[in-house]
Amino acid sequence: MLIKYEFLKILRKKSTLIVMAASLILTVFLFGLPILQYQTYHQDGVVKGLKGIAYTKEQYQNLSVPITDEYVKNTIAEYQKLFENPEHVGYDGNEKFLIGDAYWSYAAPRENLLSIIASVYDSPDESSGLNKLPELDLENTAGFYPSRNEKIKALLDMPSRNLSDAQKEYWSSKNSSVKTPLQYGYHEGFKIIMSSFELLIFAMLAVCIAIAPVFSGEYQAGTDAVILSGKYGRTRLATAKIIASMLFGILAFTLHVIAAFGLTLAAFGTDGYDLPLQIAGTSIPYPFTFLQAVLINLGVIYLVLTAMIGLTLLLSANLKSPYLVLIIIVPILFIPLFLSPNGTAGAYNLILFLLPYRAAMPELGKYISYQIGGVVFDALSMRAVVYAVLAAVIVPAAGRGFRRHQVA
C-alpha cells in the first residue's frame, strides 16, 4: 500500500504530468525528424518522406543477398565493365564516375552495397568511397573476407589506439565470431535507431525532474517532521519511496522508448532486425544482429537510468530543495554533450565514454577497451558493470540519507 501510495503521489503531481507530456512530445519530434527529413533520389529527382522510404524499400527487393566472395567479385567486375563505355563515364577533373542510365539503373540502387564492398579495400586511415572500385585489380587482390580481416588487424595495430596484446586478442576473438557470409538487405529503421539512442537522454532528464522532490519535496513542504516521526517513517516509507520512484522511472522511460522506436519502425519497417551489424560498418567486430545490438544497448541504458534515479534520490534525500538536486543532475547528464573524444585511449576518453550521454551511444566500431589486470572489457560491458555497481551502492545510500535526516 505504501508503494502504491508513493507511486500515485509522483504520478498525480501536475508538474510530473507537464514534464512527462513535454518530454514525450520532444521525443516523438526528435525521432520523427528522420522520417520527415528522409529523402532519396531517382532519375526524375528527389523523393521525400514516406514516399522516399517506400522507394528505398523497393530498390532493396533484388539486393537481399548473401555477400559471398564470389558475389563481391562479380559485382565489382560488373561495375568496372560499365566504365569501359565512355558514354557512361563523367569526369570532374579529379575522379571518374558513372552518369546517365548506367548510374541510375546499376550504381544508384547498389550505392550502399558498393560502399560496403569498397570500404573493405581501404586502409584504416582511408575513405575513398567508390573511387577505388573501377581500378581494383581483382586477380591480384585478396577476397572480401580476407581483406576485411586484414583491415581489422591493421586497425588493431594502429599506434594511436594504444591497445595491449590482451586487448588485441580480445577484439580478434570477438571478430572471429562474426558469421560469414554477411547477409545484406534493407535495414533503414534499425540503422536510424542505432544512431539515435542518445536522444533518450531527454527522457532520462524528465524522469529525474519528476522524482527530484521525492525526499527534498517533503523537507521543502515541512512534512518531513510528521513523516519521520511516524511508525514507519524511517523504515518502510523510505523503501516504498525508492521502489515507487524506480517503478515510475522505468515505466515512464519505457513509454518514451515505445513511442520513439515504435514511430521509427512504423515508418521504416522492421525489416533488417536479423541482419548482421557489419552491413552498417564492415569493421564492426561485434557478432550481433541489429535487434540484438538494440536490445543490448537498451539494457545498458536502463542500467544508466537506474543509477541516475538512484543519484537523484540520494541528492533529494540530502538536499533541502528539488532545484538544488537538478542543479547537479542536469550538468551530469548534459556536459558530456559538449565534449568530444580525441581518440579511444587515455583517461579522458575512457571516462568520457562512460558518462551518461556517451554511455547511451553504442560506439560499436571504435574498439574502446578497458583492461583491469588481465581482464578486458569492451565499452558495452564496462558501462553495464559500472552503472550496475553505482546503482547497487547509490540506491541504498539514498534510503540511509532519508532515514538519518534531522528535522529542523
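Reply: We may begin with accessibility: a residue is called buried under 20% relative accessible area, exposed over 50%, and partly exposed in between. The model before us is predicted. L251, in helix α13, has 52% relative accessibility and therefore counts as exposed.

Me: To which nonpolar surface patch does L251 belong, and which residues make it?

Reply: The patch is made by I3, I243, L247 and L251 and covers about 320 Å². Helix α13, residues 236-268, gives the most to this patch, with 3 residues.

Me: How many residues does the chain have, and what percentage of them count as buried?

Reply: The chain has 408 residues, of which 48% count as buried. Its fold contains 18 helices and 8 strands, and the C-alpha trace spans about 90 × 50 × 35 Å along its principal axes. The accessible surface comes to about 19600 Å², with 61% of that area belonging to carbon and sulfur atoms.

Me: Is N297 buried or exposed, and which residues does it touch?

Reply: N297 is buried, because its relative accessible area is 1%. This residue lies in helix α14, residues 290-318. Leaving out residues up to four places away in sequence, N297 touches F197, A359, A360, M361, P362 and L380.

Me: Where is Y273, and what does it contact?

Reply: Y273 is found in the loop between α13 and α14. With a relative accessible area of 41%, Y273 is partly exposed. Apart from neighbours within four places in sequence, Y273 is in contact with F190, T289, F290 and L291.

Me: How should I read the buried residues of helix α5?

Reply: In α5, residues 100-107, the buried residues are A102, Y106 and A107. Viewed along the axis of α5, these fall within an arc of 70°, so they line one face of the helix. They pack against α4, β5 and α6, whereas the face turned away from the buried side carries the exposed residues D101 and S105.

Me: Which helices are tied together by K168 and D157?

Reply: K168 and D157 form a salt bridge whose closest N and O atoms are 3.3 Å apart. K168 lies in helix α8 and D157 in helix α7, so the pair ties together parts that are 11 residues apart in sequence.

Me: What separates K191 and E188 within their helix?

Reply: K191 and E188 form a salt bridge of 3.6 Å, N to O. They are 3 residues apart in helix α9, and about one helical turn therefore separates them. E188 is buried, with a relative accessible area of 11%, whereas K191 is partly exposed at 32%.

How values were computed:
Residues are numbered from 1 along each chain as its sequence is written. This is a predicted model: local features need pLDDT of at least 70, side-chain atom pairs count only at pLDDT 80 or more; totals for chains, interfaces and linings use all residues. Side-chain values use heavy atoms; hydrogens and water are left out. Helices (H or I, at least four residues) and strands (E, at least two) are DSSP runs, numbered from the N terminus. Buried means under 20% relative accessible area, exposed over 50%, partly exposed in between (1.4 Å probe, protein chains only). Contact means heavy atoms within 4.5 Å. The arc is that of the directions from the helix axis to the C-beta atoms. Patches are made of residues with over 30% relative accessible area and no salt bridge: like charges are joined within 9 Å, nonpolar side chains (Val, Leu, Ile, Met, Phe, Trp, Tyr) within 5 Å. Accessible areas come from the Shrake-Rupley method with a 1.4 Å probe; for residues, only the protein chains shown count as cover. A salt bridge is a side-chain nitrogen of Lys or Arg within 4 Å of a carboxyl oxygen of Asp or Glu.
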